[in-house]
Amino acid sequence: MYQSWWKILGVVLVLYTLVAGFMLTVPKLPILHETIRNVYFHVPMWMAMFLVFGVSVFYSVRYLASGKEEYDLIAIESVNTGIIFYILGLLSGMLWARYTWGQYWSNDPKQNSAAIAFLLYCAYLVLRNAIDEEQRRARISAIYNIFAFPIMLVLLFILPRLTDSLHPGNGGNPAFGKYDMTNEMRAVLYPAFIGWMLIALWIATLRYRIRLIENKNNSL
């Protein structure tokens, strides 16, 4: 019980944000209206994704330095978990775009960059499945993973800012801030960050443990 406090905290925070996200009041803004509530779900998905992708890079570096199999397993399961949250982030963003921009996908630079970055990590999974020899697969995929992370950051945060974009915070378009975010919204958004990040770590931990059991059974 003592060691599971962070899991309980994650569940409590997520449940709180799910309820408060729909029940508490939000600013009455033109165009956005009630769709501003999506920030409680869309942005935390990305934060959770960045966290587990960062964990995967950390353990990819550790694998290259030590050659320990468990580090490679943590890296791959962190990527698998990150892709889950990546998909949730894309879908929640597309849903928001439908009601604010008029369509799910408008070829906005931010959307296109996010799609390219997603394919970048899909290629990581394809690469792992294309190499049979375990140590070679782990080494090559670790190197790929280390370079994929900064490329993803460039695609998501730098390139969209260099051109016109409808997405908040890009292309001269203001991000959600003090002009449209109230203290009531921050009281939901910040716990959502923490809650979903903890849930992402929990999922990655469970996937890692399952992978260890599978490897152990396969070696018998």
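**Helix packing and nonpolar cores**

In this predicted model, the axes of helix 2 (residues 39–66) and helix 3 (residues 69–100) come within 7 Å and cross at roughly 160°. Angles over 145 degrees count as roughly antiparallel. Helix 2 and helix 3 are therefore roughly antiparallel to each other. Their crossing is left-handed. The residues of this contact comprise 18 nonpolar, ten polar and three charged.

Helix 2 also packs against helix 5 (residues 134–158). Here the angle is about 145°, and the axes lie 9 Å apart. The crossing of helix 2 and helix 5 is left-handed. From helix 2, the contact draws on Trp46, Met49, Phe50, Phe53, Gly54, Ser56, Val57, Ser60, Val61, Tyr63 and Leu64. Helix 5 contributes residues including Gln135, Arg139, Ile143, Asn145, Phe149, Met152 and Phe157. By class, the residues of the contact between helix 2 and helix 5 are 17 nonpolar, five polar and one charged.

A further packing pair is helix 3 with helix 6 (183–219). The axes of helix 3 and helix 6 are 8 Å apart, at an angle of about 135°. That angle makes helix 3 oblique to helix 6. The crossing of helix 3 and helix 6 is right-handed. On the helix 3 side, the contact involves Glu69, Glu70, Leu73, Ile74, Ile76, Glu77, Ser78, Asn80, Thr81, Ile84 and Phe85. On the helix 6 side, the residues are Trp196, Ile199, Ala200, Ile203, Ala204, Arg207, Tyr208, Arg211, Leu212 and Asn215. The contact of helix 3 with helix 6 has twelve nonpolar, four polar and five charged residues.

The largest nonpolar core holds 30 residues. Within this core, Met49, Phe53, Tyr86 and Met152 touch the most other members. Two or more core residues come from each of helix 2, helix 3, helix 4 (109–130), helix 5 and helix 6. Helix 2 gives the most to this core, with eight residues.

Phe53 belongs to this core and also to the contact of helix 2 with helix 5. Neighbours within four places in sequence aside, Phe53 is in contact with Ser78, Val79, Gly82, Ile83, Tyr86, Tyr121, Phe149 and Met152. Of these partners, Tyr86 and Met152 are, with Met49 and Phe53, the core residues that touch the most other members.

A second, separate core is made up of twelve residues. Among them are Val26, Val39, Phe41 and Met185.

Note on methods. Residues are numbered from 1 along each chain as its sequence is written. This is a predicted model: local features need pLDDT of at least 70, side-chain atom pairs count only at pLDDT 80 or more; totals for chains, interfaces and linings use all residues. Side-chain values use heavy atoms; hydrogens and water are left out. Axes are lines fitted to C-alpha atoms, for helices over the stretch in contact, and angles run from 0 to 180 degrees between N-to-C directions. Helices (H or I, at least four residues) and strands (E, at least two) are DSSP runs, numbered from the N terminus. Angles under 35 degrees count as roughly parallel, over 145 as roughly antiparallel, 65 to 115 as roughly perpendicular and the rest as oblique. A crossing is left-handed if the near helix is turned anticlockwise from the far one by less than a right angle, and right-handed if clockwise. Ala, Val, Leu, Ile, Met, Phe, Trp, Tyr, Cys and Pro count as nonpolar, Asp, Glu, Lys and Arg as charged, and the others, Gly among them, as polar. Contact means heavy atoms within 4.5 Å. A nonpolar core is a set of buried Ala, Val, Leu, Ile, Met, Phe, Trp, Tyr and Cys residues joined through side-chain atoms within 4.5 Å. Buried means under 20% relative accessible area, exposed over 50%, partly exposed in between (1.4 Å probe, protein chains only).
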